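Dear colleague,

Here is the structure I said I would pass on. My notes on it follow below.

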Amino acid sequence: MNPYPALITLLALILYFVLGINVGRARVKYKVMPPQMSGDPNFERVLRVQQNTLEQLVLFLPAFWLFCQYVSSVWGSVLGAVWIVGRILYAWGYYQAAEKRIPGFGIAALATIALLLGALVGVMRVLFQQL
């Protein structure tokens with residue numbers, strides 16, 4: 001079994017873990033204590049990065065693994081790495097200003113679309129071969 005998909009999965013989860021730590025640090029820095037979810041706009045941007053990444057992980061991980069299984073684990077891992085870089089750029093941009101998140105979002109979204117469409121084609125190809 002190719003270890004690259006496992007490595008990409010672990011890196012995506014580590015990224016999410018770090019983003020969660022950043023929320024905790026921002027809570028202290030901007031004095032927004034639980035259960036508060038709003039306050040200083042700088043805190044809210046850090047929180048949105050973490051929440052949006054969680055929302056995207058739900059889409060990314062299954063698409064990534066299906067692509068790796070039915071198309072190519074190497075190319076899936078390349079697209080997964082692109083997704084991770086996109087999410088890092090998204091976070092870095094959003095931490096500075098909301099409008100700076102767009103390039104990172106676009107990169108990650110394109111990787112997700114490629115994974116979804118590729119997985120769909122790969123699964124359909126296998127289904128049609130079984131007919």
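Which residues form one aromatic cluster? They are Phe60, Phe64, Trp65 and Trp83. Please keep in mind that this is a predicted model.

First, the overall picture. The protein has four helices and zero strands, and the order along the sequence is α-α-α-α. Its C-alpha trace spans about 60 × 25 × 20 Å along the principal axes. Of its 131 residues, 38% count as buried. If you take the contacts between residues at least 6 apart in sequence, 65% of them join residues at least 24 apart.

Next, the aromatic residues. With ring centres required to lie within 6.5 Å, the count comes to five aromatic pairs. One of them is Phe64 with Trp65: the ring centres are 5.7 Å apart and the planes stand at 75 degrees, so this pair is edge-to-face. Phe64 is buried, because its relative accessibility is 0% and the cut-off for buried is under 20%. Trp65, with a relative accessible area of 33%, is partly exposed.

Tyr90 and Phe105 make another aromatic pair, a tilted one, with 6.4 Å from centre to centre and 50 degrees between the planes. Tyr90 belongs to helix α3 (residues 73-96) and Phe105 to helix α4 (residues 102-130), so the pair ties together parts that are 15 residues apart in sequence. Tyr90 counts as buried at 3% relative accessibility, whereas Phe105 is partly exposed at 38%.

Two arginines sit over tyrosine rings. Arg87 lies over the face of Tyr90, at 4.1 Å from the ring centre. Tyr90 therefore has a part in the pair that joins α3 and α4 and also carries Arg87 over its ring. Arg101 lies over the face of Tyr94, with 5.2 Å to the ring centre.

Last, the packing of two helices. The axes of α2 (residues 41-70) and α4 come within 8 Å and cross at roughly 45 degrees. On the α2 side the contact is made by Leu59, Phe60, Ala63, Phe64, Leu66, Phe67 and Tyr70. On the α4 side the residues include Thr112, Leu115, Gly118, Gly122 and Val126.

Regards

Methods:
Residues numbered from 1 in each chain as written. Predicted model: local features only at pLDDT ≥ 70, side-chain atom pairs only at ≥ 80, totals over all residues. Heavy atoms only, no water. Phe/Tyr/Trp six-rings, centres within 6.5 Å; stacked < 30°, edge-to-face > 60°. Buried < 20%, exposed > 50% of the residue type's maximum accessible area, 1.4 Å probe, protein only. Lys NZ or Arg CZ within 6 Å of the ring centre and 35° of its normal. Axes fitted to C-alpha atoms, helices over the stretch in contact; angles between N-to-C directions. Contact = heavy atoms within 4.5 Å.
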